[in-house]
Amino acid sequence: MTLSKVMTPETQSLIRFQTAGDSTRAVHAGARRDKPFHALIDPIVQTATYAFDSLEDIQDFLERHEAGEKFDRYEYGRYGNPTVEAVAERIAALEGADDALLFSSGMAAVTTTLLALLGAGAHLVITDDIYRRTREFTNDFLKRYGVTCSVVPMGDYDALEAAIGPETRIILSETPTNPYLRVLDVERVAEIAHRRGVLTMLDTTFATPINLRPIEYGIDLVVHSATKYLGGHHDLLAGAVVGRTDLLKKIEENMASMGAVLAPQNAYLLGRGLKSLALRVRHQNASGQQVAEYLEGHPAVERVWYPGLASHPDHAVARTQMKGFGGVISFNVRGDLESTARFIDRLQIPYTTPSLGGTESLVVQPALMSYHHLTAEERAAIGIEDNLVRFALGIEDPADIIADLEQALAGVA
Ligand SMILES: Cc1ncc(COP(=O)(O)O)c(C=O)c1O
């Protein structure tokens, strides 16, 4: 499926980088050395289809393909592309997984995977603090196809186990979550799922493989909105599913029918962004901690949500399972809906927009953006407070971010 499996032994392989550090994997895993024209960088193979020399050549291809043989030959863009597969292999190497598949967006990765693994009559369990569109898909869309879903509170492992029934196929969760950065006890969920014979699927977009490798704890499938940290530059949409080859084969089959494949140009951008993933995320971990501590000590700030702070409800599990706490901080300012909006408008460095994980800092007021369609009462019922701010750090210097927050917070209290 991925490039190393169709390359000759002298080419770069996943195996060769299995024990390498994060940045070495981010740069080299999946890259073949014997590139066309001796180019250093993987080419963008910008093609919709691949030509055959003769009909006999096509027949030979189809026979080898049907026999399950791996070889360096492609048929059609929706079934594979070398630029895309080289990047997929690097992501698999970063996660310490067998394989990865890349999609046109994070939502394409989530939906194609769930549709591949669930059928009418199946049941899945999700945790409540999950990306809004994912929740809409599992609760509303899948219901139309006879798939039922139970929602359990994040962090309530007894409720999670109690929700598993004879038809349960998948436990789907996210860590850290948005906007409260709740952190899942990944080892505990994997243990429950294995004991009960259920698959686990975990969206670790906010963690990245630099801060958490769920496969090492026994999670079956890891999902990413690669639009965020993996791409890292706010210039593309992409999604990834990482895990065991047998599961990915089923998902790949479904992807071939549903068609939400990643375009070669975007794969190139993703691969380029990926090379600096470890550098960027380590910087964001350090500035996240610094900015969170600054905010926690500020009189105009009511509460800070950051897993690296002892005050966060999941600090203990985050400290044991994560290598860093990431670049997203949520906090409540001492203000109401309007004064919180004015505070955000006074900030000079971050752009005011959803998304996260790129080089530029971004800031949002969830009550006025992702949850604007709800009434104040409905927002309160799901814990979205009017004075909540989500700050997604870019790679700017933390001292400049703190100075910017200082001048904007001066007008709050
Ligand atoms: C945690 C999480 N998962 C999935 C998605 C969907 O990803 P995309 O926007 O790339 O479709 C998002 C998008 O914000 C997200 O935050």
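## Basis

Residue numbers start from 1 along each chain as its sequence is written. Because the model is predicted, local features need pLDDT of at least 70 and side-chain atom pairs count only at pLDDT 80 or more, while totals for chains, interfaces and linings use all residues.

## Domains and their contact

Domain 1 comprises 3-45 + 81-274, and domain 2 comprises 277-409; these bounds come from an automatic or database domain assignment. The domain centres, taken over C-alpha atoms, are separated by 25 Å.

In domain 1, 27 residues are in contact with 31 residues of domain 2 (contact: C-beta atoms, placed from the backbone, within 7 Å). Helices α1 (22-28), α7 (186-196) and α8 (208-211) each contribute at least two residues to this side of domain 1 (helices are DSSP runs of H or I, at least four residues, and strands of E, at least two, numbered from the N terminus).

## Helix α9

Leu 248, Ile 251 and Met 255 are its buried residues (buried: 20 or more other C-beta atoms within 10 Å of the residue's own; exposed: 12 or fewer; partly exposed in between; C-beta atoms placed from the backbone). These residues line one face of α9, because they fall within an arc of 65 degrees seen down the axis (the arc of directions from the helix axis to the C-beta atoms).

Elements covering the buried residues of α9 include β1 (99-103), α4 (106-117) and β7 (239-243). Exposed Asp 246, Lys 250, Glu 253 and Ser 257 are on the face turned away from the buried side of α9. Gly 259, with a positive phi near 85 degrees, follows α9.

Key
Contact = placed C-beta atoms within 7 Å.
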